[in-house]
Amino acid sequence: MNGGARPPHAVLLRSPGSFAPAAVASVLAKRAGVPVLDRVGCVRQSWGVIAESLPVEEAEDLAAALCAAGQEALCAPTTLLEEVPDPVSATKAELSPEGFDLVSGRENAPPQRLCWSRLAAICAAALEVRQTRMVTETPPGELAARAVRLGLTLATSLPLIKKSATTKRAVETRDRRLVLDLLFLEPSRRVRVDAADFDYSVLGPRMAYGAELNFLALLEDLAGKAASALRGKGTRALLARRPSAESLYESLDDLKREERWLSTLAALRAAP
């Protein structure tokens, strides 16, 4: 590579709240000469990181096309894409005026303070949890037949016990798991709150009996403490009390891909 060559560039959308997968897919499909539906899936998976490594001229052209389609975009060297660190679980914390004080749980250990000014993004997500269990079913009328046989046995002293004709089948249950990732920069940290495993005493007298209600109250407090932090799709949906489907993510990996985008925007100070 000669001294005048420019490194590969990534293309990112600038506004998380304006992300429209269909509009982005339309731009990409037109450039590739393929149907729009062929691009929608990959756009949803990549979130706002539209391309990771393109020649700079091609990246600039793509960013311009996205802007023309109403999706404000920018180019940045690929090396500036953030890598999201592994999460650190938080089961107890305090919210001070200066920051998120993570309580380690070790006796006499002071809380670790993570300053609000370094909180880059607040990313809450709902995940569908499916479980399968086996249940035993008794055919209709079997309980009545058992009672008749028992009565005859008591009356005649003759054993009339018959093996029950039971069947087993698999039953799937669905539940919702709420998680919250707090993304800090300088240094890079990801603190995770699991709704079912957090001590909500930090809410004081506002603490309710349900974990989901407490989770939403905590989310509102955090959003108020760090008003400049970017908010993920799930965070925006939960704070606005939108339908539950709008805060649903496919997996934790899906959430992590969105977090990579938001962390990069925050590090570049590129979000509007």
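1. A disulfide is taken here as a pair of cysteine sulfur atoms within 2.5 Å. The structure discussed in this note is a predicted model. A search of the whole structure under that definition finds 0 disulfides. Cys75 accordingly belongs to none, and the nearest cysteine sulfur, that of Cys67, is 8.7 Å away.

2. The accessibility of two cysteines may be recorded here. Cys75 has a relative accessibility of 26%, and Cys115 has a relative accessible area of 32%.

3. In strand S3, Cys75 is the bridge partner of Val11. Strand S1 (residues 9–13) and S3 pair in the antiparallel sense, and 5 bridges connect them. The sheet is open and consists of 3 strands in the order S2-S1-S3, with antiparallel pairing. Its edge strands are S2 (49–54) and S3 (73–77), each of which pairs on one side only. From one strand to the next, the twist averages 20°. As background, strands of a sheet pair through backbone hydrogen bonds, in either a parallel or an antiparallel manner.

4. A further run of pairings involves strands S5, S6 and S7. Strand S5 (residues 93–95) is antiparallel to strand S6 (residues 99–102), with 3 bridges between them, and a hairpin of 3 residues joins S5 to S6. S6 is in turn joined by 4 bridges to strand S7 (residues 112–115), again in an antiparallel arrangement. Phe100 of S6 figures in both pairings: Leu95 stands opposite Phe100, and Phe100 stands opposite Leu114 in S7.

5. Arg190 deserves a separate remark. The residue lies in strand S10 (residues 189–194). Is Arg190 buried or exposed? Its relative accessible area is 4%; since buried means under 20%, Arg190 is classed as buried. Arg190 and Ala121 are 69 residues apart along the chain, and their C-alpha atoms are separated by 9.7 Å.

6. The largest pocket has a volume of about 420 Å³. Its lining comprises 18 residues, and those nearest the centre are Phe19, Pro21, Arg44, Trp47 and Lys233. Two or more lining residues come from each of helix H2 (37–46), helix H6 (233–239), strand S12 (248–249) and helix H7 (252–268). Sorted by class, the lining holds 8 charged, 7 nonpolar and 3 polar residues.

7. The second largest pocket has a volume of about 340 Å³. It is lined by 16 residues, with Ala120, Leu185, Ala266, Ala267 and Arg269 nearest its centre. Strand S8 (119–137) and H7 each supply at least two residues of this lining. Which element gives the most to it? That element is H7, with 3 residues. By class, this lining contains 10 nonpolar, 4 charged and 2 polar residues.

Conventions:
Residues numbered from 1 in each chain as written. Predicted model: local features only at pLDDT ≥ 70, side-chain atom pairs only at ≥ 80, totals over all residues. Heavy atoms only, no water. 1 Å grid on protein atoms, 1.4 Å probe; cavity = no way out; pocket = protein on both sides within 12 Å on 5 of 7 lines; lining within 4 Å. Points joined across faces, edges and corners; volume = space filled by probe spheres on them. Nonpolar A, V, L, I, M, F, W, Y, C, P; charged D, E, K, R; others polar. Buried < 20%, exposed > 50% of the residue type's maximum accessible area, 1.4 Å probe, protein only. Pairing = 2+ DSSP bridges. Axes fitted to C-alpha atoms, helices over the stretch in contact; angles between N-to-C directions.
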